[in-house]
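Try each task before reading the solution below it.

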Amino acid sequence: MSESPRDARAIRLAVLALIASGLIWSSNWVVAKSVLQYIGPFDFNALRCIFGALVLMVMLPLTGRSLKPPPWKPVLGIGLLQTAGLSGLGQLALVAGGAGKTAVLVYTMPFWAILLAALLFKEKPRQPEYVAVLIAALGLLLVLQPWQWRGTPLSSLLAISAGMAWAGGTLIAKRAFRRQSVDILSMLAWQTVVGAIVLSVLALATHSKETIWSPYLLLALAYNAVVVTAVAWAMWLFVLRVLPMNVAGLSSLITPVMSVLWAWWLLGERPDLAESSGIMLILLALAALGNPGSLPAALRRFFAAR
């Protein structure tokens with residue numbers, strides 16, 4: 001069966017959304033690290049989710065959508081794991097860890113997601129994708145360098161836990177899109193509300209640092225509320241709706257590679273030889289994944305048609 005022009009257009013838009021969200025998220029790891037000099041980690045995450053939820057809630061009626069929440073079970077699961085879990089654990093990992101390395105460890109998400117997708121959704125990777133997973137896993141191992149943990153193993157474990165939480169939320173979202181018609185913007189708005197509530201409780205319980213309301217903090221909050229939360233997460237949910245889980249998950253590995261480069265340029269976090277080798281292996285894995293012959297049938301037909 002040939003692929004319809006509508007399907008091809010959706011796949012093309014999903015690929016562009018994946019690239020755009022990667023650019024946004026990779027630069028935001030530097031912002032999230034730098035802002036900690038002005039505010040505590042949970043305080044910042046609570047505020048950015050609160051403002052992000054407000055932006056999204058305003059967007060719902062402006063785009064002709066109802067304020068009625070979608071099915072509460074997936075919203076609750078995604079809000080707890082993908083919004084509160086990923087944001088909270090990732091920001092906490094930045095307290096002691098570098099922005100580039102933390103981003104790479106959070107992006108172990110695709111490996112957890114691919115494993116769970118194979119078990120739950122029967123999306124078993126093709127042989128070339130297995131090779132890409134192994135190459136990327138070796139690259140992440142070189143970036144992590146567990147044989148040289150010096151004083152910050154907790155930061156690394158928090159970052160990996162954030163990746164696991166993200167994987168769980170991603171699979172819940174994928175399952176919700178498969179089983180029922182769920183509006184992406186409505187799902188995102190209400191999951192952000194759930195995340196904002198959870199992170200606000202944690203911020204109140206752990207508040208120990210006075211907030212310095214600098215122009216940088218205000219700009220960081222505005223950037224996170226509008227661009228990172230409203231725009232980038234909406235694009236990610238669209239990617240999940242259109243692309244198979246294994247393709248979406250592995251392709252997102254471009255973000256931590258870009259984050260390392262951003263951190264090197266802006267924060268002076270220069271990767272050593274092992275980390276640089278790991279980054280190159282991740283790029284090699286992405287190149288293997290991007291080979292049209294290794295992509296699932298729908299995406300392969302799209303590239304062939306170009």
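**Exercise 1. The salt bridge**

Task: Find how many salt bridges the structure holds, and work out which parts of the chain are tied together.

Solution: Keep in mind that this is a predicted model.

- Step 1. Begin with the count: there is one salt bridge in the structure.
- Step 2. Name the partners. The side chains of Arg65 and Asp183 form the bridge, with an N to O distance of 2.8 Å. The cut-off for such a pair is 4 Å, so the pair at 2.8 Å qualifies.
- Step 3. Arg65 sits in the loop between α2 (41–62) and α3 (72–96), and Asp183 in the loop between α7 (153–179) and α8 (184–206), so the pair ties together parts that are 118 residues apart in sequence.
- Step 4. Check how open the partners are. Arg65 has a relative accessible area of 32% and is partly exposed; Asp183, at 31%, is partly exposed too.

**Exercise 2. The largest cavity**

Task: Describe the largest cavity by its volume, its lining residues and the helices that supply them.

Solution: 

- Step 1. Searching the whole structure for cavities of 30 Å³ or more gives two. The volume of the largest cavity is about 320 Å³.
- Step 2. Look at the lining. It is made of 21 residues, and those nearest the centre of the cavity are Arg48, Leu86, Ser87, Val228 and Trp233.
- Step 3. Ask where the lining comes from. At least two residues each are supplied by α1 (5–34), α2, α3, α8 and α9 (215–242). The largest share belongs to α3, with six residues.
- Step 4. Sort the lining by class: 12 residues are nonpolar, eight are polar and one is charged. Arg counts as charged, and Arg48 is part of the lining, so Arg48 is the one charged residue there.

**Exercise 3. Asn45 and its partners**

Task: Decide whether Asn45 is buried or exposed, then list which side chains make polar contacts with the side chain of Asn45.

Solution: 

- Step 1. Locate Asn45 in helix α2.
- Step 2. Read the accessibility. Asn45 has a relative accessible area of 0%, and buried means under 20%, so Asn45 is buried.
- Step 3. Find the polar contacts. The side chain of Asn45 meets that of Arg48 at 2.9 Å and that of Gln91 at 3.4 Å.
- Step 4. Widen the view to contacts beyond neighbours within four places in sequence: Asn45 touches Ser87, Gly88, Gln91 and Leu199. Ser87, like Arg48, is among the residues nearest the centre of the largest cavity.

**Exercise 4. Buried and exposed along the helices**

Task: Classify helix α4, Leu144 and Ala205 by their accessibility.

Solution: 

- Step 1. Take helix α4 (residues 99–106). Seven of its eight residues are buried, so the helix is largely enclosed by the rest of the structure. The buried ones are Ala99, Gly100, Thr102, Ala103, Val104, Leu105 and Val106.
- Step 2. Move to Leu144 in helix α6 (residues 127–144). Its relative accessibility is 12%, which counts as buried.
- Step 3. The C-alpha atoms of Ala205 and Phe42 are 9.5 Å apart, across 163 residues of chain.

Methods
Residues numbered from 1 in each chain as written. Predicted model: local features only at pLDDT ≥ 70, side-chain atom pairs only at ≥ 80, totals over all residues. Heavy atoms only, no water. Helix = DSSP H or I, 4+ residues; strand = E, 2+ residues; numbered from the N terminus. Buried < 20%, exposed > 50% of the residue type's maximum accessible area, 1.4 Å probe, protein only. 1 Å grid on protein atoms, 1.4 Å probe; cavity = no way out; pocket = protein on both sides within 12 Å on 5 of 7 lines; lining within 4 Å. Points joined across faces, edges and corners; volume = space filled by probe spheres on them. Polar contact = N/O pair within 3.5 Å; in protein donor to acceptor, adjacent residues only side chain to side chain. Contact = heavy atoms within 4.5 Å.
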